[in-house]
Amino acid sequence: MKRLLVTGGAGFIGSNFVHYWLEKYPNDHVVVLDALTYAGNASNLTALDDVQNFEFVHGDINDTSRVEALLREQELDTIVHFAAESHVDRSIEGPDAFITANILGTHSLLKAARQVWLSEGKCPLDHRFHHVSTDEVFGSLETGDPGFSEQTAYAPNSPYSASKASSDFLVRAYHHTYGLNVTTSNCSNNYGPYHFPEKLIPLVMINILHGKNLPIYGNGMNIRDWLYVEDHAYGIDLVINSGKVGETYNIGGCNEWTNIDIVNLICKLMDEKFASNDLLKKRFPTSPASAGKDSASLIEYVKDRAGHDFRYAIDTSYIEAELGYQPKVTFEQGIVKTLDWYLENEDWWQAVMDGSYQAWIETNYKAA
Ligand code: NAD
Ligand code: DAU
């Protein structure tokens with residue numbers, strides 16, 4: 001039985017991970033520590049309100065003494081570290097928050113883990129610090145280049161990826177210097193439920209429903225390797241349970257798409273949903289699909305992202321060979337599941353988008 005601290009567990013991947021983990025390991029103890037930034041959403045976890053061995057703590061990973069107290073008092077032996085500022089565009093507008101959360105925040109957690117597990121001897125042997133990182137640390141590929149492997153040199157291009165790269169190096173250093181039991185995973189683009197609607201896939205889905213333009217940066221030919229979020233959770237599970245201490249593992253979907261192809265696919269799927277469902281036409285009257293028009297008519301090419309990485313792709317051969325990892329959800333299944341989730345969970349994204357969720361945090365968590 002493990003006792004986990006999941007940082008950033010109210011965010012997109014963190015909350016999917018917590019649901020995955022407690023379903024698979026119902027006797028494990030899970031504490032989520034999340035600052036509930038604009039991207040954190042406590043309602044992602046409300047289904048766990050009555051679960052005895054789950055606790056939500058509203059707090060900041062930069063509060064080192066609070067992290068130490070949690071590790072000590074709840075006798076936690078595993079940290080799964082998701083908490084971060086995660087949106088590239090925001091890092092271009094304002095890098096400071098990324099330095100604070102991603103670099104200083106990771107260092108704060110490492111210090112707390114070292115203090116409690118090693119210096120105080122609470123968990124000297126059987127502890128684990130798993131760091132969740134990104135393929136963006138490797139920079140950008142050209143057409144035909146092999147995918148990023150664990151040996152690819154780091155070449156981050158955005159303030160976001162530079163801050164993640166720095167955090168990866170700190171995690172590595174705490175293993176080599178102090179003997180902390182660490183693992184790191186570098187994953188490609190995730191999609192699925194609870195994805196914050198500033199990111200490409202949920203943004204496009206919701207904009208179609210509202211009849212708003214679908215902004216495509218540059219010429220739309222940039223390529224990403226998409227992975228269903230539950231398969232990321234599964235990969236992390238394998239690394240935590242069977243991965244080698246001190247090792248890094250790349251996780252990916254082997255599923256490369258240009259942005260414009262993804263957007264056209266979502267448009268086509270949405271048009272099909274509306275054609276066979278009159279209720280959708282009533283719910284979303286301003287969507288072109290309600291008038292029998294193509295959702296793709298909303299596509300608008302806009303100014304490119306500064307320093308926009310052209311292509312990401314992951315070579316998954318190491319995690320496949322070492323841990324037997326294979327994604328379980330095909331892209332065809334995952335994108336339909338995701339679209340259905342957004343259609344069924346309008347309350348979730350409306351609250352995020354109209355500001356009522358932020359107002360709820362102010363009322364409920366002001367004192368925390
Ligand atoms: P997200 O932005 O949806 O969630 C981040 C969460 O961290 C939020 O709940 C937020 O409130 C919390 N948080 C931020 N700063 C915090 C702080 N100082 N203290 C405590 N909590 C804080 O992000 P995501 O997309 O779920 O990504 C999670 C992790 O996975 C990140 O580390 C990211 O770099 C990495 N990652 C993401 C992707 C992807 O496609 N989204 C792919 C690979 C790796
Ligand atoms: O590769 C993993 C990374 O994937 C994670 O580390 C990041 O946290 C996560 O946000 C994601 O980064 P991207 O920048 O690839 O994701 P995003 O959804 O922002 O953009 C995907 C692609 O779509 C990218 O090429 C930019 C483009 N794009 C994005 C938006 C929001 C558009 O063309 N229009 C848009 O409006």
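Before we go in, here is how the model was treated: as it is predicted, local features need pLDDT of at least 70 and side-chain atom pairs count only at pLDDT 80 or more, while totals for chains, interfaces and linings use all residues. Residues are numbered from 1 along each chain as its sequence is written, chains are lettered from A and ligands numbered from 1 in the order in which they are written, and side-chain values use heavy atoms, with hydrogens and water left out.

**Ligand 1**

- The polar contacts here are pairs of N or O atoms within 3.5 Å; within protein, one must be able to donate a hydrogen and the other to accept it, and residues adjacent in sequence count only if both atoms are side-chain atoms.
- On its own, ligand 1 exposes 830 Å², and the protein buries 96% of that (accessible areas by the Shrake-Rupley method with a 1.4 Å probe; for residues, only the protein chains shown count as cover).
- Two or more residues of the shell come from each of α1 (12–24), β5, α5 (159–178) and β7 (189–191), and β5 gives the most, with 3 residues. Helices (H or I, at least four residues) and strands (E, at least two) are DSSP runs, numbered from the N terminus.
- In total, 27 residues surround ligand 1, with I13, D34, S86, Y160 and K164 the closest (a residue is near if one of its heavy atoms lies within 4 Å of the molecule or strand).
- By class, this shell divides into 13 nonpolar, 11 polar and 3 charged residues. Ala, Val, Leu, Ile, Met, Phe, Trp, Tyr, Cys and Pro count as nonpolar, Asp, Glu, Lys and Arg as charged, and the others, Gly among them, as polar.

**Ligand 2**

- S86 turns up here too: one of its backbone N or O atoms lies 2.7 Å from an oxygen atom of ligand 2.
- A polar side-chain atom of E136 is 2.8 Å from an oxygen atom of ligand 2, and a polar backbone atom of P215 is 2.8 Å from a nitrogen atom of ligand 2.
- Taken alone, ligand 2 exposes 680 Å², of which the protein buries 93%.
- The elements giving two or more residues to this shell are α6 (200–210) and β8 (214–217); β8 gives the most, with 3 residues.
- The shell holds 23 residues, the closest being T134, D135, Y160, R305 and H308, and by class there are 9 nonpolar, 8 polar and 6 charged residues.

**The sheet of 7 strands**

- This open sheet runs in the order β3-β2-β1-β4-β5-β6-β10 with parallel pairing (two strands pair if DSSP finds at least two bridges between them).
- β3 (54–58) and β10 (248–251) are at the edges with a single partner strand each, so one side of each has no neighbour in the sheet.
- Neighbouring strands are turned by 20° against each other on average, direction ignored. Axes are lines fitted to C-alpha atoms, for helices over the stretch in contact, and angles run from 0 to 180 degrees between N-to-C directions.
- β1 (residues 3–7) and β2 (residues 29–34) pair in the parallel sense over 5 bridges, and the bridge partner of L5 in β2 is V31.
- Helix α4 (residues 96–119) packs on the sheet, touching β1, β4 (78–81) and β5 (128–134), and its direction makes about 170° with that of β5 (contact means heavy atoms within 4.5 Å).

**The sheet of 3 strands**

- The order is β7-β9-β11, with mixed pairing in an open sheet.
- β9 (residues 223–228) and β11 pair in the antiparallel sense over 3 bridges, where T258 of β11 is the bridge partner of I223.
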